[in-house]
Amino acid sequence: MYSPFKQSIQGNDRASKYFKSNYFRRQKLQNEIRKVKKQEQLWTRRRSSDNLAPTKSMETDIIVTLVRILINSKSYREEDILKIIQQIRTMICFENNEATAKNVVDANGIEFLMSLLGRYDSPTLQQEAICILSKLCCSSVSDEVLHYPDFLPQMIDLLRSPESKVRLEVVSFVKDVTFDSIDIRDQLLDLQAATYIIENIRCSQDDLFIAEMCSALSSLSQGNPQPSIDRIKHIVYGTVGIIIHKSLYCTFDMSNIHALRCLATLSNIQNDLDSMEYIFKIGAVPLTQRIVQLLVDNKARSQEWGVDFDTELWAPAIETLCNFCYGPETFVRAVIGAGVFAILPEALGENSTKDIRQMACNLTRQVFRKKAVDIESLKKTKDIKTLALGANSLRVLFDLSKVGSTGWGVRREAIMASATIALASNSEQIAVFVAQGGIETLTEALSIKIDCHLVVFVLAAIEKILSIGKMNGSVYGLIMYQAGGVEMVEHLANDGSESVSEKAESIFEQFFGDDTFDV
C-alpha cells in the first residue's frame, strides 16, 4: 500500500546517503590537502633553521600528491580544485621553478591542465590553468608543453573567451612564449593570434586592457628575422588604426606606448621596407600627424602639471618618425608636414634621455639628408621660429655637439645632424646657422681623431658654408679664423689621413691661401 510518509522516509534516506558520500569525499580531499600543507610548513621551518633546500624527493612527493588529487577530483567541488591549482601555481612561481615544472610534467599534470582550458563554466579555473601552463612554457619543460597535441590552438582559441581576465591571461602567455622563440611566434601568427588580439582591441574601451593587447602585438611583430609582410599585414593595419583612431579615446598613455613600440619595429627599414611602405599606404599623413599630436599633448600636459614629459612615450614615437625618414622623400615630407620640428627642441633638451636625444639628432639628420626641406615650404607653416632652423633648436643641437656635453653616441649624431643641415641649406638658412654658432661647432668637431669619416663630412659642411660666404661677401672665413679653424684645417692637410688630408688641403687653398684671405 502506498504511504506518502514511507516514501518520504525512503527519499530522505537516499538523500542522506548521497550527502554522506559527498561529505566523506570532501573530508578525504581536505585531509590530503592538509597533509601536503603540513609537509610544506615542516620543510619551510627546516630551511629557515638549517638553511637547506627541499630535496628532489620532497618536491616530487608533493607534486605527485597534488596532481594525483587533481586527476581523481571529478567529484570534488570547484573551490577544492581551485585550492590545489593555486597551490601548484604558488610552487611554480615562488619555489624551485625548474624542479617543480619537471615534476608537474612527470606526474602527467599537463593533460589535466589542458582539460581545465575547456572549463568555460569556470573562468577562474581556466585562468589558473593558463597561468601554470605559461610558467611551464618558460621553463626547461617548454618543449613538452608547447608540442602537446592541440595545445597552441586551444590556448589561442581562448582569445575569444567572453571573460576578459581569461583573454588577458592568454595575452600574457603570448608575450612570454614569443620572447625568444621565432618558431612559436610564427605558429601563433598562423593561428590568427594577431587577428583575435586586434578584434579585442577594437571592441574594448578599457585602457589597461588595450595596453596589454598592444604589448602582445608588439611581441608578435618582433624577432630576427622579422615576419614577412604577408604574415603581419593585419598587425600593421591594426596598429596604424590604433594610433590614428583608438588612441583618441585612450586617456592612459600605456596603450599608445605599446602601439608605438609595435609601429617602431614594423617601420624599421633594416627589417623590411615593405612593411613601412604598407604603413604609409594605409595612411601616411594622418598617422604622422597623430604621432606628433600625441607628443605635443604630452608636452603640454607635462608643462601644465610641472613634471617631465613621458620618455616611454617619446622614445618609440621619435624612433618611428626617424624610421619613416629613411624611406623615400614623400615619407619625409609627410613627417615635416605633421609638424615634427615643433617637438624637436623638447626631444633634444636636458629633460630628455640619452636614447631620445640620439634618435632626435638622427631624425634631424635624416630630414635634411633627403633635402626635402626648403625655405619656402618652411615659410608656409607661419611658425619658422620653432622649426629645426630656428634659433632654439640649433642652439640645443650645437650644445650637444660640444666636448663633454654628453656621451659620444649622442655627440656624434649631433655633429652629423649639424653638418647635414649646413650641406642642405641655402644662403638664407646658412646665415641663421652661422649666427647661432654653427661654424664654431663644426670647427671644434675637427679635433676628433677617432672617426675619419665624420671629419671628412664636417669638412664638406665647412666648405659649403665658406663657398656661400665667398659668393655673398660674408665674413664666414674670418669667423672660422677667430675660432681657430684655419690652423686646424692646415694641420689636417699636413697630418690627417689621406681622405681627410685631401679635403682639408682643398679648403685651405680655396679660402685661406695668401691671395684669397687676409685677416
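**Helix packing, burial and aromatic pairs**

Me: The axes of helix 5 (residues 109-117) and helix 6 come within 8 Å and cross at roughly 140°. Which term describes the placement of helix 5 relative to helix 6?

Reply: This is a predicted model, in which local features need pLDDT of at least 70 and side-chain atom pairs pLDDT 80 or more, while totals for chains, interfaces and linings use all residues. Residues are numbered from 1 along each chain as its sequence is written, and side-chain values use heavy atoms, without hydrogens or water. Axes are lines fitted to C-alpha atoms, for helices over the stretch in contact, with angles from 0 to 180 degrees between N-to-C directions; under 35 counts as roughly parallel, over 145 as roughly antiparallel, 65 to 115 as roughly perpendicular and the rest as oblique. Helix 5 is therefore, relative to helix 6, oblique.

Me: Which residues of helix 5 meet helix 6?

Reply: Contact means heavy atoms within 4.5 Å. On the helix 6 side, the partners are Leu 125, Gln 126, Ala 129, Ile 130, Ile 132, Leu 133 and Leu 136.

Me: How many residues of helix 6 are buried?

Reply: Helix 6 (residues 123-137) reaches 21 Å from its first C-alpha to its last, close to the 21 Å expected, where the expected span is 1.5 Å times one less than the number of residues. Buried means under 20% relative accessible area, exposed over 50% and partly exposed in between (1.4 Å probe, protein chains only). Among the buried residues of helix 6 are Leu 125, Ala 129, Ile 132 and Leu 136. Helix 6 is mostly covered, its count of buried residues among 15 being 12.

Me: Which residues does Glu 144 touch, beyond those up to four places away in sequence?

Reply: Glu 144 belongs to helix 7 (residues 142-146) and is partly exposed, at a relative accessible area of 42%. Leaving out residues up to four places away, Glu 144 touches Val 105 and Ile 110.

Me: Which residues of helix 13 make the contact with helix 12?

Reply: Helix 12 (residues 207-221) and helix 13 (residues 229-244) pack at an angle of about 145°, with axes 11 Å apart. Helix 12 contributes Cys 214, Leu 217, Leu 220 and Ser 221. Helix 13 contributes Ile 235, Thr 239 and Ile 242.

Me: What is the angle between the ring planes of Phe 151 and Phe 173?

Reply: The structure holds five aromatic pairs: rings of Phe, Tyr and Trp (its six-membered ring) with centres within 6.5 Å, stacked if the planes are under 30 degrees apart, edge-to-face if over 60 and tilted otherwise. Phe 151 and Phe 173 form an edge-to-face pair, 5.7 Å centre to centre, with an angle between the planes of 90°.

Me: In which helices do Phe 151 and Phe 173 lie?

Reply: Phe 151 counts as buried, at 1% relative accessibility, and Phe 173 is buried at 0%. The pair links distant parts of the chain, 22 residues apart. Phe 151 lies in helix 8 (residues 151-157) and Phe 173 in helix 9 (residues 164-177).

Me: How many helices does the protein have?

Reply: Of the 519 residues of the protein, 50% count as buried. Helices (H or I, at least four residues) and strands (E, at least two) are DSSP runs, numbered from the N terminus. The protein has zero strands, and its number of helices is 28.
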